[in-house]
Amino acid sequence: QVQLVESGGGLVQAGGSLRLSCAASGSIFRVDGMGWYRQCPGKQRELVASIARGGSINYADFVKGRFTISRDNAKNTAYLQMNSLKPEDTAVYYCYADVLGSSWKVSGYWGQGTQVTVSS
């Protein structure tokens with residue numbers, strides 16, 4: 001089985017920064033694409049940023065220039081550095097990963113989510 005564990009959420013004032021981490025563990029041969037999604041209050045879950053194993057990156061327009069996604073393949077870990085946070089960034093942030101596991105097929109996994117609250 002595969003687990004994704006997020007950390008780094010919390011309460012921050014507008015203009016502040018937070019760094020989220022997502023560590024994948026379990027029966028893993030390889031972690032392919034990883035991404036961060038968020039679900040704002042009353043809204044659907046949306047993509048924030050994604051990063052391929054080779055490093056190709058995509059950002060949602062609403063975070064370009066403020067958030068940076070990165071990963072450490074040796075640690076099966078992804079990061080999301082969030083700067084210049086706004087109250088509208090308040091959401092539960094979820095990590096996602098495509099993992100080649102012991103079944104020798106790629107399956108998608110979600111983390112449990114971490115709350116980010118930005119006060120004005």
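Here are some worked exercises on the structure shown above.

The model is predicted, so local features need pLDDT of at least 70 and side-chain atom pairs count only at pLDDT 80 or more, while totals for chains, interfaces and linings use all residues. Residues are numbered from 1 along each chain as its sequence is written, and side-chain values use heavy atoms, with hydrogens and water left out.

**Exercise 1. Get the overall picture**

Task: work out which elements the protein chain has and how its radius of gyration fits a compact globule.

Solution. 
- Step 1: Start with the elements. The protein chain has zero helices and 11 strands; both are DSSP runs numbered from the N terminus, helices being H or I with at least four residues and strands E with at least two.
- Step 2: Check the radius of gyration, which is taken over C-alpha atoms, with a globule rule of 2.2 Å times the number of residues to the power 0.38. For 120 residues a compact globule would come out near 14 Å, and the protein chain has 14 Å, which agrees.
- Step 3: Look at the extent. The C-alpha trace spans about 45 × 25 × 25 Å along its principal axes.
- Step 4: Ask how much is hidden. Buried residues make up 42% of the 120 residues in the protein chain, where buried means under 20% relative accessible area, exposed over 50%, and partly exposed in between (1.4 Å probe, protein chains only).

**Exercise 2. Follow the salt bridges**

Task: find how many salt bridges the whole structure has, and pick out the residues linked in a network.

Solution. 
- Step 1: A salt bridge is a side-chain nitrogen of Lys or Arg within 4 Å of a carboxyl oxygen of Asp or Glu. A search of the whole structure turns up five.
- Step 2: Take R30 and D32, whose side chains meet at 2.5 Å, N to O. R30 is partly exposed at 32% relative accessible area, and D32 is buried at 18%.
- Step 3: Go on to R38 and E46, which meet in a salt bridge at 3.0 Å, N to O. R38 is buried, with 4% relative accessibility, whereas E46 is partly exposed at 26%.
- Step 4: Now try D89 and R66, with their closest N and O atoms 2.7 Å apart. This pair links distant parts of the chain, 23 residues apart: D89 sits in the loop between β8 (77–82) and β9 (91–101), and R66 in the loop between β6 (57–59) and β7 (67–72). D89 is buried at 1%, and R66 is buried at 11%.
- Step 5: R38, E46, R66 and D89 are linked in a network of salt bridges.

**Exercise 3. Read β7 and its partner**

Task: sort the residues of β7 by face, then see how β7 pairs with β8.

Solution. 
- Step 1: Recall the pattern. In a regular strand the side chains alternate between the two faces of the sheet.
- Step 2: Apply it. The covered face of β7 has F67, I69 and R71, while T68, S70 and D72 are on the uncovered one.
- Step 3: Find the partner. β7 and β8 pair in the antiparallel sense over six bridges; strands pair if DSSP finds at least two bridges between them. F67 stands opposite M82 in β8.
- Step 4: Visit the turn. The hairpin of β7 and β8 has four residues between the strands, and N76 takes a positive phi near 50 degrees there.

**Exercise 4. Look into the core**

Task: which residues of the largest nonpolar core touch the most other members, and which strand gives the most to this core?

Solution. 
- Step 1: Define it. A nonpolar core is a set of buried Ala, Val, Leu, Ile, Met, Phe, Trp, Tyr and Cys residues joined through side-chain atoms within 4.5 Å.
- Step 2: In the largest core, with 30 residues, M34, W36, V48, F67, L80, M82 and Y93 touch the most other members.
- Step 3: Trace the suppliers. Strands that each supply at least two residues of this core include β1 (2–7), β3 (18–26), β4 (28–39) and β5 (46–51). β9 gives the most, with five residues.
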